Amino acid sequence: MARARSPEESAALRAAWAVGLATAVYGVSFGALAVLSGLDIWQTMFLSLVMFTGGSQFALIGVLASGGLAAGGAAITSAALLGTRNVFYAIRMSPVIGPGFLRRAAAAHLTIDESVAVSAAQPTPAAQRLGFWATGILIYLGWNLTTLIGALIGDLIGDVSAYGLDAAAAAAFLGLLWPRLKARQTQAVAVAAAVVATLLTPVLVPGLPVLVAGAVAVVVGGFDLFGTSRKRAEGGAA
Amino acid sequence: MNAWTVIITASVICLALKVSGYLIPARAFEHPTVARTANLLTVALLAALIAVQTLGAGQAVQVDARLPALVVAAGLYALRVPFVVVVIAAAGVAALIRAVT
């Protein structure tokens, strides 16, 4: 018999269900957009099953949709760069997960925005562990199921622009960006990157403007531009 | 490059990034500049992707139904409307504008 759950663990499970359901639903938009960007259903499912990190998946199909397979290198690089944040999440989760090869391998695959966010919000180590696994597993199952549904829908639809689905892709990216726009530094980077990418679009081959815009982050992050006043206001709490 | 090459290469890289975080000692990434830049890189790439998706047409910049759709999406996110509803609404706005123009 399993021991009774603590109130903290029950709260972690509730959070996992809420976040898991919300995230799984937008797998439908990924599946549909992936198929409409030119991938087949198997290729779309491979991304959700193996890559399994929403931002990178959307980036890959976004670059392929605008540049085609000629932009394959840029598509790979965009996905990889967006995936780098998972390295930091993994470092953060490493002590929470604990030892064991198989357990750590499974945890690595489930290390995404949502599982780490739910885990980090829990007060006790047991609830942090449960929050991570419950969220990760729920989203993995839900995301793949809804990706398949979306891919089948996309397959039926055909022409993208008639249904406004090209605009839906931008709206989906905005949804991923929105929660990160609270600080002035991130707002400045977002605006600058958007301007750089737009200005470079007529000059560079498709896919490259997005990567060059990433350099804005390196410059602003490296010199900590636009961030100092906020840090002083917080009294150097970091 | 065929589609499978792109998909498998990108997937393996993304998976390797996740695994690397469980293998490398945490100290290498503790520097605040590295952590800050990584977070801003995510923001910059997403913002650039939004710009290209909204205004790009191959190698041209083109203002069309996608822009008002994005503006509507931003307004809905500000009102805390759920992700899926916003994405559907944005698609609807673009489709509607194209239908009437």
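Predicted model: local features only at pLDDT ≥ 70, side-chain atom pairs only at ≥ 80, totals over all residues.
Let me start with how chain A is divided: the domain assignment, which is automatic or taken from a database, gives domain 1 as residues 7-180 and domain 2 as residues 181-231 of chain A. Residues are numbered from 1 along each chain as its sequence is written, chains are lettered from A and ligands numbered from 1 in the order in which they are written, and side-chain values use heavy atoms, with hydrogens and water left out.

Now to the two domains of chain A. The C-alpha centres of domain 1 and domain 2 of chain A lie 23 Å apart, and the contact between them, where contact means heavy atoms within 4.5 Å, takes 12 residues from domain 1 and 9 residues from domain 2 of chain A. Together these two domains bury about 700 Å², with 68% of that on carbon and sulfur atoms; buried area here is the accessible area, found with a 1.4 Å probe, that two parts lose on being put together, summed over both. On the domain 1 side, A:Ala74, A:Leu177 and A:Arg180 lose the most area to domain 2 of chain A, and together they make up 41% of what that side buries.

Helix 4 (54-67) and helix 5 (72-83) of chain A each supply at least two residues of the domain 1 side that touches domain 2, and helix 5 of chain A gives the most, with 4 residues. Helices (H or I, at least four residues) and strands (E, at least two) are DSSP runs, numbered from the N terminus.

Chain A as a whole has 13 helices and 0 strands. With 238 residues, a compact globule would have a radius of gyration near 18 Å, and chain A has 19 Å, which agrees; the radius is taken over C-alpha atoms, and the globule rule is 2.2 Å times the number of residues to the power 0.38. Along its principal axes, the C-alpha trace of chain A spans about 60 × 50 × 30 Å.

A:Arg85 lies in helix 6 (residues 85-97) and A:Asp113 in helix 8 (residues 113-120) of chain A, so the pair ties together parts that are 28 residues apart in sequence. A:Tyr89 is also found in helix 6 of chain A, and, leaving aside its neighbours within four places in sequence, A:Tyr89 is in contact with A:Thr111, A:Ile112, A:Asp113, A:Val116 and A:Arg180.

Turning to chain B, we find 4 helices and 2 strands, running α-α-β-β-α-α from the N terminus on. The radius of gyration of chain B is 19 Å, well over the 13 Å that the globule rule gives for 101 residues, so chain B is more spread out than a compact globule.

How many residues of each chain take part where the two chains meet? In chain B 65 residues are in contact with 90 residues of chain A, and the two chains bury about 6,600 Å² between them, 78% of it on carbon and sulfur atoms. In chain B, the residues B:Lys18, B:Tyr22 and B:Gln59 lose the most area to chain A, together 13% of what that side buries.

Across this interface the rule finds 1 salt bridge, and B:Arg36 forms a salt bridge with A:Asp224, with the closest N and O atoms 3.3 Å apart. Between chain B and chain A there are also 11 residue pairs in polar contact. The largest share of the side of chain B that touches chain A, 23 residues, comes from helix 2 of chain B.

Terms used:
Salt bridge = Lys/Arg side-chain N within 4 Å of Asp/Glu carboxyl O. Polar contact = N/O pair within 3.5 Å; in protein donor to acceptor, adjacent residues only side chain to side chain.
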